[in-house]
Amino acid sequence: MNNRKKIPMRKCVATGEMKPKKELIRIVRSKEGEVSLDPTGKKSGRGAYLTLDRDVIELAKKKNVLANHLSTQIDSSLYEQLLELVIKEKN
């Protein structure tokens with residue numbers, strides 16, 4: 001029997017690449033319209049996955065990808081939180 005677990009794949013909204021879920025960060029919009037980071041991937045609401053890479057985050061900010069995908073305004077502080085998370089991941 002094949003006992004290997006299937007690795008869940010998700011698509012990065014900025015690059016369109018399929019990657020393992022653990023390599024991406026989920027940004028979620030709740031029913032109330034609140035946008036937040038979801039490191040666990042379990043919060044309820046509309047989600048969008050983004051690769052944890054400085055260039056990808058800057059591309060998403062430039063192209064306004066998250067705002068389009070989540071159908072809401074994205075505060076610039078969210079992008080700052082994402083960039084801080086990238087720095088923490090590299091250390």
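Trainee: Is Ile7 buried or exposed?
Mentor: This is a predicted model. In it, Ile7 sits in the segment before β1 (9-11). The cut-off for exposed is over 50% relative accessible area. At 54% relative accessibility, Ile7 counts as exposed.

Trainee: Which residues form a nonpolar patch on the surface, and with about how much accessible area together?
Mentor: Ile7 is one of them. Met9 and Met18 complete the patch. Together the accessible area is about 300 Å².

Trainee: Now the inside. Which element gives the largest share of the largest nonpolar core?
Mentor: This core has 22 residues. The residues touching the most other members are Ile27, Leu50, Ile57, Leu66, Ile74, Tyr79 and Leu82. Two or more core residues come from each of β3 (24-29), β5 (46-51), α1 (54-63), α2 (65-70) and α3 (76-90). The largest share, 5 residues, belongs to α3.

Trainee: Why are the buried residues of α1 on the same side?
Mentor: In α1, Val56, Ile57 and Ala60 are buried. An α-helix has 3.6 residues a turn, so residues three or four places apart point the same way.

Trainee: How many salt bridges does the structure hold?
Mentor: One joins Arg26 and Asp38. Another joins the side chains of Arg54 and Glu58. The structure holds 2 salt bridges.

Trainee: Which strands does the salt bridge of Arg26 and Asp38 tie together?
Mentor: The closest N and O atoms of Arg26 and Asp38 are 2.7 Å apart. The pair ties together parts that are 12 residues apart in sequence. Arg26 lies in β3 and Asp38 in β4 (residues 35-38), so the strands are β3 and β4.

Trainee: Are Arg26 and Asp38 buried or exposed?
Mentor: Buried means under 20% relative accessible area. Arg26 has 10%. Asp38 has 2%. Both Arg26 and Asp38 therefore count as buried.

Trainee: By about how many helical turns are Arg54 and Glu58 separated?
Mentor: Their side chains meet in a salt bridge at 3.5 Å, N to O. Arg54 is partly exposed, with a relative accessible area of 38%. Glu58 is partly exposed too, at 38% relative accessibility. Being 4 residues apart in helix α1, Arg54 and Glu58 are separated by about one helical turn.

Trainee: What is the phi of Asn64?
Mentor: Asn64 is in the loop between α1 and α2. Asn64 is partly exposed, with a relative accessible area of 36%. Asn64 is not a glycine, although its phi is positive. The value is about 60 degrees.

Trainee: What is the relative accessibility of Ser71?
Mentor: Ser71 is in the loop between α2 and α3. Its phi is near 55 degrees, a positive value in a residue other than glycine. Ser71 counts as exposed, and its relative accessibility is 60%.

Trainee: Which residues does Glu23 touch, beyond those up to four places away in sequence?
Mentor: Glu23 is in the loop between β2 (18-20) and β3. Glu23 is partly exposed, with a relative accessible area of 46%. The residues Glu23 touches are Thr51 and Leu52.

Trainee: Which residues does Arg46 touch, again not counting residues up to four places away in sequence?
Mentor: Arg46 is in strand β5. At 43% relative accessibility, Arg46 counts as partly exposed. Arg46 touches Arg26, Ile27, Val28, Arg29, His69 and Leu70.

Note on methods
Residues numbered from 1 in each chain as written. Predicted model: local features only at pLDDT ≥ 70, side-chain atom pairs only at ≥ 80, totals over all residues. Heavy atoms only, no water. Core = buried A, V, L, I, M, F, W, Y, C linked by side-chain atoms within 4.5 Å. Buried < 20%, exposed > 50% of the residue type's maximum accessible area, 1.4 Å probe, protein only. Patch = residues over 30% accessible without salt bridge, like charges linked within 9 Å, V, L, I, M, F, W, Y side chains within 5 Å. Areas by Shrake-Rupley, 256 points an atom, 1.4 Å probe, with all protein chains shown as cover. Salt bridge = Lys/Arg side-chain N within 4 Å of Asp/Glu carboxyl O. Contact = heavy atoms within 4.5 Å.
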